[in-house]
Amino acid sequence: MSLKQKLSQRWQSIRQAANLMAGLPDYNNYVIRQRRHNPNAPVMSEQQFQDYCSKRRCGSNGGKCC
Amino acid sequence: MNKLRSLVVWGLVVLVGVASFTTLALSRGEQISAIWMVSAAISVYCIAYRYYSLYIAKKVLQLDPNRLTPAERYNDGLDYVPTSKGVLFGHHFAAIAGAGPLVGPVLAAQMGYLPGTLWIIFGVVFAGAVQDMVVLFVSMRRDGKSLGDIVKQELGPVAGVIASIGILMIMIIIMAVLALIVVKALVHSPWGTFTIAATIPIALFMGIYTRFIRPGKIGEISIVGVILLMLAIVYGEDVAHSSFGHLFDLDGVQLTWAIMIYGFVAAVLPVWLLLTPRDYLSTFLKIGTIVALAIGIVVVNPTLQMPAVTKFIDGSGPVFSGSLFPFLFITIACGAVSGFHALISSGTTPKMVENETHVRMIGYGGMLMESFVAIMALAAAASLDTGVYFAMNSPAALIGTDAAQAAAVITNQLGFPVTEATLLQMAKDVGENTILSRAGGAPTLAVGMAHIMSQLIAGPGMMAFWYHFALLFEALFILTAVDAGTRVARFMIQDLGSVFYKPFGNTDSLPANLLATFIGVSLWGYFLHAGVTDPLGGINSLWPLFGIANQMLAGVALIMCSVVLVKMKRERYVWVTLVPACGILFVTCFAGLQKLFHSDPRISFLAHAQKYSTAAAEGKILAPAKTAEEMSRIVWNDYVNSGLTVLFLSVVVIVAFHGLRVALKARKVAWPTAKEVPATFRNEVEQHES
C-alpha cells in the first residue's frame, strides 16, 4: 500500500471517529448493511439518516453527562 | 525475559506513584508543583487498569471474546454498529465528559488539594470505573437496555418505577445546577454574555448548512463554527464597550429568564436547526480544550498555591459548608464516581461494542480518563492565588461586594492574605468588572486555565481572551446539556403522563410536546430561579443536592450490578460492586441525614429553616436577607430542598430493599437467574454458515 493510500485511510478513520463522537455513524456502511440484510427493505436517505441520528441523540435514551 | 521486563516496568510505575504521593502528602509549608498530582494520578491509573480491571474482566465478568455482542448480531449500520475499540472509546468519553468533573473539584479545593486528589484517584479506581464497566457489561448482555429497564427487569417493577422517578428528578436538579453555574458566570459580564449569545446564530447557520448546502459534512462546518466563535470572543470586548453593549449586561434574574425561554425554544424546534450543530461545536471544543489543558499543565507545570489541607475540613468553609466527611464525597461526584454515567453506559455505547473484551478499555478506561480531567481541574484551581480563589468562591454575604472589604475579610477572617490591588488587577486582566463571588466553579476554572494557557501561548496580554474562551467552552456544553436534557425530560414526562391520560404520551402531538416541554422547563427553571434569587448564593444549597442525587443514582446502579452478579451465581466476586455500593450508600445517607437533621443551620436545611422562621416570627431580619419577603423565601427554599433530600434518600432505600430481597431469593436456587439475552458464539455461527 502506498503512503498516500495509508494516509487517506488514516484520515477516513479519524473522520469517522469524529463523526461518531458527534453521534453520527457512517452512512455508506448503513446502506451496505441494509442492502445485505434485505435488498427490498426501504433505506433512509442521507438526510433522513442524519435526522434519525440527531433525534436519537436527544431522545428519550440519549442525554449527555453533567 | 518478558516477565522480567514487566516486573521492571511495573516496579518503576509503583516507584513513581509512591514518590508522587509522598511529595503530595508530606510537603508542609513549601509549595510543590502540580506535576506531582498528575504523576500520582497516572501511576495509580496504570496499575489499576493493568491489574484490577483485568481481574474484573477475567474473573468477575468473565468477558468472552467468542460470545457475539449485540452490535455483531444485529449489525444494522444504524443503532447496532460494531465499532473499533479506539473509535468507540472516543465516542464514549465524549458522551461522559461534561461540566461535572470540571466544577466539583474546583469547589472542593477549599479543603486543600490533598483530600480532593485522594478521593478522585481512589474513588475512580474502586467505585467510578467499576460502575461504568459493569453497567456497560450488564447492558451489553441485554442488547443495550437502559438502566431504568434493567432495574425493572432484574429488581422488579416497583424498583423500576421508583428508579425512573429518581432518574427524572436527578436530571431536573442537574439541569438547574448547571444552568445556575452559567448564570453565576455571566452576571453583569457583557463580553461573556455576548459570546454565548453569538453561539445561537452560529449554530443556526451551521444547522442550515449541514441540512441544505452540504449535508453530512459536519467536520468542515464545525471548523468554520469554531473560527466564528473565536471571532466572537475576540470582538466581544468591543461589543461590550460599544453603544449597545448594555443589552448584554444582564442581572441574574434576567439571565434566568433568558436561559429558560431559550431552553424551551431549543427543545421545541427541530433538533437539526439548533441542538445538533451546537452539540457538534461543544463536543469538538470540549475534546480540544481538555487536550490543550493537559498540555498546558505538563508544559507550564504550575506551582500549587493552595495548602495541602486547609482548616476548612472542619466544615466552616465559605464555598460549601459541611465537614470533610461526608461532604467532600458529595461535592466531587463526577471524576470519582458519577451515577449519571450509568445512563450513558446503558445508552448507545453497549450497542456498538465490537467484542466483549473491549468493555474493559471503554468502560474502565473511559472513566479513568474522565477522572484525569477532574485532576487537571483541581490542579488548575489549586495553582491559583489562594486569596483570589476565595474571593471568587465566597458568597457576597460573607465578603461583600467591594474589593477592599473582600480583601480585608479574606486576609483576616479566612486567613489567606490578599490585597485589594491583586483582586482589582485580576478582574482587569480577565476583562471583567469584578471577580468577587463568581461562585459555581466555572469562572474559577476559567481564571485558572487562563493563568496556565497564557503562559503557554501568547503571554499575559492574552489572559482575557483565554478567560472568555474557557468560559465559553464551559457554558457551551452546559447549555447543550441543558437543552438536550430538556428534550429527554420531555419524553420522560410524556411517558409518565401517558399512564394517566393516554394521548399525552403521543410524541408527535404538538400540544402534548409543548405542554411536556413547558413542564420540564418549569421544573428546572423553578430551582434555577430559586438558586439565583437565593440570598445565600444558591450554589451553597443546590450543589450538595446535585451531589446527593448523582451519588444516589450511582448507588442504585451499583446495587443493580451486585444483584446481577448474585443472579449470575458469581457471589464470590460480588464484593467488587457491593463494597463501593455500600460505601456510596453510607456516604449519601449520612450526608442526606446531616442535610436534614444536623444542628448547625449552615449545614442542615431544616435547622436553617427553623432559625429563619423563628426570627421572622419575632419580626427580625437576619442577614443576608434584607426584607421579610426574602426571609420567607429562604424558609420555603429550605423546605423544598429538604423534601427533595427525603425523596432521594427514599429512592435509594427502596431500591436497596428490593435488591436485597431479589438477591436473597436468587441465592436459594442452584442455577443462574440473571435475565441475559441467550448467548450466541462465534464458532457456532461459523459452523452454521459453512
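In which helix of chain B does P326(B) lie? P326(B) is placed in helix α13 of chain B, residues 324–331, where helices are DSSP runs of H or I with at least four residues and strands are runs of E with at least two, numbered from the N terminus. The peptide bond that joins F325(B) and P326(B) is cis, with omega about 5 degrees.

The model is predicted, and local features need pLDDT of at least 70, side-chain atom pairs count only at pLDDT 80 or more, and totals for chains, interfaces and linings use all residues. Residues are numbered from 1 along each chain as its sequence is written, chains are lettered from A and ligands numbered from 1 in the order in which they are written, and side-chain values use heavy atoms, with hydrogens and water left out.

Two residues of chain B other than glycine have a positive phi. Most residues other than glycine have a negative phi, and most peptide bonds are trans. For D143(B), phi is about 60 degrees; D143(B) sits in the loop between α6 (113–140) and α7 (147–155) of chain B. D143(B) counts as buried because its relative accessibility is 16%, the limit for buried being under 20% relative accessible area, with exposed over 50% and partly exposed in between (1.4 Å probe, protein chains only). For S437(B), phi is near 55 degrees, and this residue belongs to the loop between α19 (420–429) and α20 (442–456) of chain B.

Chain A has three helices and zero strands. Of its 66 residues, 36% count as buried.

The contact between the chains (heavy atoms within 4.5 Å) takes 53 residues from chain B and 35 residues from chain A. The buried area, which is the accessible area (1.4 Å probe) that two parts lose on being put together, summed over both, is about 3,500 Å², and carbon and sulfur atoms give 60% of this area. On the chain B side, N75(B), L78(B) and R211(B) lose the most area to chain A, together 15% of what that side buries. The interface holds two salt bridges, a salt bridge being a side-chain nitrogen of Lys or Arg within 4 Å of a carboxyl oxygen of Asp or Glu. D79(B) forms a salt bridge with R56(A), with 2.9 Å between the closest N and O atoms. Among the elements that give two or more residues to the chain B side are α4 (85–96), α12 (275–300) and α23 (539–567). The most comes from α12(B), with eight residues.

The largest nonpolar core has 234 residues, and Y364(B), W524(B) and M560(B) have the most contacts inside it; such a core is a set of buried Ala, Val, Leu, Ile, Met, Phe, Trp, Tyr and Cys residues joined through side-chain atoms within 4.5 Å. With 22 residues, α8(B) gives the most to this core. A second, separate core of ten residues includes L24(A), Y27(A), M44(A) and F49(A).

T486(B), in helix α21, is buried because its relative accessibility is 1%. Leaving aside neighbours within four places in sequence, the contacts of T486(B) include M175(B), G263(B) and W524(B). V651(B), in helix α26 (residues 628–668), is buried because its relative accessible area is 5%. Its C-alpha atom is separated by 8.1 Å from that of M552(B), 99 residues apart along the chain. Beyond neighbours within four places in sequence, V651(B) is in contact with I162(B), G166(B), M552(B) and V556(B).
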